[in-house]
Amino acid sequence: WFVLPALLGDAYAASRAPLLVLLPGVAAYAAASALSAYYTNHCGRPLWSAAVAGLSLALTLAVAAWSIPALGALGAALATSVAYAAAIVVALRAFLRDQGWAWQALWRGPAAQRQSALR
């Protein structure tokens with residue numbers, strides 16, 4: 001919170017709130033790279049990655065149409081974060097469905113998921 005203005009000057013102080021709002025979406029979307037590699041390289045389905053990116057784009061545009069006029073830069077960050085998070089939830093759901101795993105496998109790991117399925 002204090003580092004950005006100290007490093008770049010007071011002109012960048014207003015960017016703190018949008019960056020804070022953008023951070024959860026960027027953190028969530030970090031999983032997209034691994035999922036993309038899995039579907040493209042392992043499954044031979046590169047269009048899957050394009051579909052997730054297209055969904056993210058469509059959601060960003062839809063939310064941004066409202067949020068940017070209303071909130072400015074904060075609205076742009078909000079639109080991006082919401083779209084990234086929603087797209088990765090859809091992507092993770094597809095991955096879990098393909099693997100036959102429940103959502104708990106994301107936290108407990110696939111080995112625990114397989115053990116509970118054997119019981």
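Five aromatic pairs were counted in this predicted model, with ring centres required to lie within 6.5 Å of each other. One of them joins Tyr29 and Tyr84, whose ring centres are 4.5 Å apart and whose planes meet at 25 degrees, so that the pair is classed as stacked, the limit for this class being under 30 degrees. Because Tyr29 belongs to helix H2 (residues 16-29) and Tyr84 to helix H5, the pair ties together parts of the chain that are 55 residues apart in sequence.

A second stacked pair is formed by Tyr39 and Trp48, with ring centres 3.9 Å apart and planes at 20 degrees. Here both partners are buried, Tyr39 at 0% relative accessibility and Trp48 at 13%, the cut-off for burial being under 20%. Tyr39 and Trp48 also take part in a cluster in which ring pairs link them with Tyr38, Phe95 and Trp101.

The contact between Tyr39 and Trp48 forms part of the packing of two helices. Helix H3 (residues 31-42) and helix H4 (residues 46-71) pack at an angle of about 145 degrees, and their axes are 6 Å apart. On the H3 side the contact is made by Leu35, Ser36, Tyr39 and Thr40, while H4 contributes Pro46, Trp48 and Ser49. By residue class, this contact of H3 with H4 comprises four nonpolar and three polar residues, with no charged residue among them. Apart from residues up to four places away in sequence, Trp48 touches Leu35, Ser36 and Tyr39, and it also touches Ala91 and Ala94.

With a relative accessibility of 18%, Thr80 counts as buried, because the burial cut-off is under 20% relative accessible area. When residues up to four places away in sequence are left out, the contacts of Thr80 are with Leu22 and Thr60.

At the level of the whole chain, seven helices and zero strands were assigned, and the order of elements from the N terminus on is accordingly α-α-α-α-α-α-α. The radius of gyration of the chain is 18 Å, whereas a compact globule of 119 residues would have a value near 14 Å. Taken along the principal axes, the C-alpha atoms fill a box of roughly 60 × 30 × 25 Å. Of the 119 residues, 26% count as buried. Among contacts between residues at least 6 apart in sequence, 49% join residues at least 24 apart.

Key:
Residues numbered from 1 in each chain as written. Predicted model: local features only at pLDDT ≥ 70, side-chain atom pairs only at ≥ 80, totals over all residues. Heavy atoms only, no water. Buried < 20%, exposed > 50% of the residue type's maximum accessible area, 1.4 Å probe, protein only. Contact = heavy atoms within 4.5 Å. Axes fitted to C-alpha atoms, helices over the stretch in contact; angles between N-to-C directions. Helix = DSSP H or I, 4+ residues; strand = E, 2+ residues; numbered from the N terminus. Nonpolar A, V, L, I, M, F, W, Y, C, P; charged D, E, K, R; others polar. Phe/Tyr/Trp six-rings, centres within 6.5 Å; stacked < 30°, edge-to-face > 60°. Rg over C-alpha atoms; globule rule 2.2 N^0.38 Å.
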